[in-house]
Amino acid sequence: MEYGAELTNVAVDKLPVNITKQPETKVSDVKHPADWQWDAEDAEKELEETVPVAVKANYTGKDKENYEIQQITITVTRSACEHPATKTEGKIASTCTQNGYTGDIYCEQCGRKLKDGIETAKQPHELKKTEKKDATAVAAGNIEYYHCEVCGRYFSDSEGRNEITKDSTVIPATGEKPTEPTTEPTTEPTTEPSTKPAVKPAKKGTKLVDSKGTTYSVTVKTTKLTGNSVGTNAFKEIYYKAVIKVPKSKLKYYTKLLKKRGVSSKAKIKK
Ligand SMILES: [Zn+2]
Ligand SMILES: [Zn+2]
């Protein structure tokens, strides 16, 4: 035990010669033994780590009058901080657009920076793939591309290396008429003939035609047919054994006219 002063007849068991606890930074923060007090002026002295400070201590015991020396001077030395607890400050999480930082490490007790942080690498983009879509005459399509939902950028590759613009992903509409499906001609004829009626329903004055286009019978209701109103070949397609009904009043005239206009001589023209 060392003391800062030569003591004679002093009522002291022990006094600290070195202060080992942090974060006491003033003499008044340092605990003194019972019946002793730091001199008021010295109590305000700042304590720096490892720098010895001379401090006067006064004996205040009830029996102090019995002692010749009531004040001693001791040395108080604040020990170096052992940094019992640390905290990290300035940490930055990395993203696909910026590097991160692990943060600097500080002592929670003395506040010193103990260690610098280090930069961390960027994160990969969080890419969502969009499949290629062909453009049509009226609708735009798109190329295959990748979009990062974090930074909003577009890329042509799954690694996010080749950045492209959003506009460049668009395939403009062609503006052309869509081409006919190639399957149509082969499928239609196989079903249609079987469902068509063998004979189309007759309308007034129209031909009765079978599936081959042959006319079987015709009813002529008008009385106004003349050589000028009936075309030369108007009855050419008519079946040679067709039955042609005509108005009674015109039977004779029409028989002559129709045969001139292509009706077979074997056709039956009747009223
Ligand atoms: Zn510390
Ligand atoms: Zn990104």
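1. Glu 48 lies in the loop between helix H1 (40-43) and strand S2 (52-59); helices (H or I, at least four residues) and strands (E, at least two) are DSSP runs, numbered from the N terminus. Glu 48 is exposed because 11 other C-beta atoms lie within 10 Å; by the definition, a residue is buried with 20 or more other C-beta atoms within 10 Å of its own, exposed with 12 or fewer, and partly exposed in between, the C-beta atoms being placed from the backbone. Its C-alpha atom is separated by 6.8 Å from that of Thr 25, 23 residues apart along the chain.

2. This is a predicted model, in which local features need pLDDT of at least 70, side-chain atom pairs count only at pLDDT 80 or more, and totals for chains, interfaces and linings use all residues. Residues are numbered from 1 along each chain as its sequence is written, while chains are lettered from A and ligands numbered from 1 in the order in which they are written.

3. The average pLDDT of the protein is 78, and 70% of the residues score at least 70; pLDDT is the predictor's confidence in each residue, from 0 to 100. The value is below 50 over residues 1-9, a stretch with 20 contacts beyond near neighbours in sequence; a contact requires C-beta atoms, placed from the backbone, within 7 Å. Residues 194-208 also have pLDDT below 50, with 18 such contacts in the model. Where pLDDT is low, the predicted coordinates should not be read in detail.

4. The largest nonpolar core has 8 residues: Val 27, Trp 36, Trp 38, Leu 47, Val 55, Ala 57, Ile 74 and Val 76. Such a core is a set of buried Ala, Val, Leu, Ile, Met, Phe, Trp, Tyr and Cys residues joined through C-beta atoms within 7 Å. Strand S1 (36-38), S2 and strand S3 (71-77) each supply at least two of its residues. A second, separate core has 6 residues, including Ala 242, Val 263, Ala 267 and Ile 269.

5. An open sheet of 3 strands runs in the order S4-S6-S7 with antiparallel pairing, where two strands pair if DSSP finds at least two bridges between them. Strand S4 (86-89) and strand S7 (113-115) are its edge strands, each pairing on one side only. S4 joins strand S6 (residues 104-107) over 4 bridges, and Thr 88 stands opposite Ile 105 in S6.

6. A further open sheet has 4 strands in the order S9-S11-S12-S13, also antiparallel. Its edges are strand S9 (127-130) and strand S13 (163-164). S9 pairs with strand S11 (residues 145-148) over 4 bridges, and Lys 129 has Tyr 146 in S11 as its bridge partner.

How values were computed:
Contact = placed C-beta atoms within 7 Å.
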